[in-house]
Amino acid sequence: MASIALSSDPFASKTLPISSSSYCIQLGTSRISARALITGRIEQTHLRLSTELRRNQGFTLKASMGPPGLTEQLNNSKLDTLAEAEDECDIFNDLKDRFLSFKKNKYMKNPEQFESLAKAQEPKFMVIACADSRVCPSNVLGFQPGETFTIRNIANLVPPFVRGPTETNAALEFAVNTLQVENIFVIGHSCCGGIRALMSMQDDASASFIKNWVVIGKNARIKTEAAASNLSFDEQCSHCEKESINHSLLNLLTYPWIEQKVANGELMIHGGYYNFIDCSFEKWTLDYRGTKVDGNGRIATKNKAFWC
Amino acid sequence: MAKHSPDQLAIEELKKLIREKEELNESADTKIEDVIAELQLQGCHPTPETAEQRIIDGFTYFKIHNFDKNPDLYKELAKGQSPKFLIFACSDSRVSPTTILNFQPGEAFMVRNIANMVPPFNQLRYSGVGAAIEYAILELKVPNILIIGHSRCGGIARLMSHPEDDSPSFEFIDDWVKIGLPAKIKVLKEHASCDSLEQRTLCEKESVNNSLVNLHTYPFVDEQIRSKGLGLFGVYYDFVNGEFKLWKYESHVTKHISIPHCH
């Protein structure tokens, strides 16, 4: 018989004992658990924006978990439970420290900003980026709270209107019609696993989620194979990464309410490509006048820029 | 050339000083970088500038202060990623997990959609979310999944108010948010006496639980929970009251009891 239980009631009262398996951290009050005070020293390292220090903090946390050698004294089953509890504790501590760092460096320093954001958001941008851990637009392009309404999916794909409802076009509908963003950015990147899967896909019977999703980019693959068949597979993938961005831009125009706004200048559509091997960024804007959506679809672009 | 903000003017002046006074040593450089970092941190007001200028500024800052300063990290990341978290967060501009949880590149594989929802297993209807889970769990072997809900969620507000408010339907939004219907039904039943704002807040949290339950319908997730101890966590970020809740989702199968035969 299976029973499903939550390890603690998330609606419970705000003051929780430190040993419980959930944390509630309040901003702007002095009710911070004792453990947070111990990690105050670790917090100092968050004041400098440095990844190296960020990684060191992980090691410091591990050392503070308990006296070394303790686990060796326990028998197997206890060891497993302890390891599991330690892992859980590690996660809780890790996330807690991260939030406290944000609180100290951003939230507490901009109270009016966050108060205004709490009432409403008015982002000027909508960004469609890949779920890849290396390409978050908040890191790479420094977007701050309130600036961009963001979708992240595998291979930053925009499905066409005819495919029917998906999470991506639900977000498009909200951003364009309700929030009325002024710019849509589709941002692709180097070494994209989703594009690689698209390029390696075979027409066999085996179904998978990834296949059913990346097939949206099928036309980009066809164009790539036509233009770049003499290149190595890796180079073809790179080519397809960019081709797919353009294909997604064309797919954006298959939505009547998007096309209308682009046609009368209320909305601009841009493509971007982040290469994390040489740290470069390319950007271009869709030129609506010169673009053909029907048939094979041919995109015209303008305002190209490359930064490295 | 775009007009300079006071911050940019200050930076330009500082740079000029360094060029002129050659005896300024490295410590001055570091101090100036710290000042720039401080100014950037305060930059929750983007100055009114073109989209292009905004992107250039953001990318330049990232390149100088993050990428170029951590060559070893980025060399490793160029080869591959092994993030510790798979995160589902809302597309809302105010709740980027990278910002509120200080994630650096390589740490979190992130899916963002309206109301941070995970639909139940359906290879045709919901291939987008399924593809992300499949890739994260089977390819990247991510050990933890976090679903992050938040206050004032527009998607949840829509779920709670439509179609009872007789508003015209949104073709795509309404189809998507109905994934959260079990959460809505539960809140309306258990908290019928609460006002609509309270019910919305409760639903924001209940919807996270609903999505955590839906994760279990993916066979590879279920399998990883049993064999590799994949951890499932719920998070609620309340930017109105300044609160952050975090909980773990657990399910377990009890030992069976045997009912003996009667002769």
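Here is a short chat about chains A and B of a predicted model.

Student: Okay, how many helices and strands does chain A have?
Tutor: Chain A has 12 helices and eight strands. Keep in mind that this is a predicted model.

Student: And what share of chain A is buried?
Tutor: Of the 308 residues in chain A, 52% are buried. Buried here means under 20% relative accessible area.

Student: What about the surface, how much is there and which atoms does it belong to?
Tutor: The accessible surface of chain A is about 14,200 Å², and carbon and sulfur atoms account for 53% of that.

Student: Let's pick a helix. Which residues of α10 in chain A are buried?
Tutor: Helix α10 of chain A covers residues 218–228, and its buried residues are Ala220(A), Arg221(A), Thr224(A) and Ala228(A).

Student: Where do they sit when you look down the axis of α10(A)?
Tutor: They fall within an arc of 100 degrees, so they line one face of the helix.

Student: Switching to chain B, why is α7 called largely enclosed?
Tutor: Helix α7 of chain B runs over residues 154–161, and six of its eight residues are buried, so the rest of the structure largely encloses it.

Student: Which ones are buried in α7(B)?
Tutor: In α7(B) those are Gly155(B), Ile156(B), Ala157(B), Arg158(B), Leu159(B) and Met160(B).

Student: So what covers the buried residues of α7(B)?
Tutor: The cover includes α8 (173–177), α9 (181–190) and α10 (196–215) of chain B.

Note on methods:
Residues are numbered from 1 along each chain as its sequence is written. Chains are lettered from A and ligands numbered from 1 in the order in which they are written. This is a predicted model: local features need pLDDT of at least 70, side-chain atom pairs count only at pLDDT 80 or more; totals for chains, interfaces and linings use all residues. Side-chain values use heavy atoms; hydrogens and water are left out. Helices (H or I, at least four residues) and strands (E, at least two) are DSSP runs, numbered from the N terminus. Buried means under 20% relative accessible area, exposed over 50%, partly exposed in between (1.4 Å probe, protein chains only). Accessible areas come from the Shrake-Rupley method with a 1.4 Å probe; for residues, only the protein chains shown count as cover. The arc is that of the directions from the helix axis to the C-beta atoms. Contact means heavy atoms within 4.5 Å.
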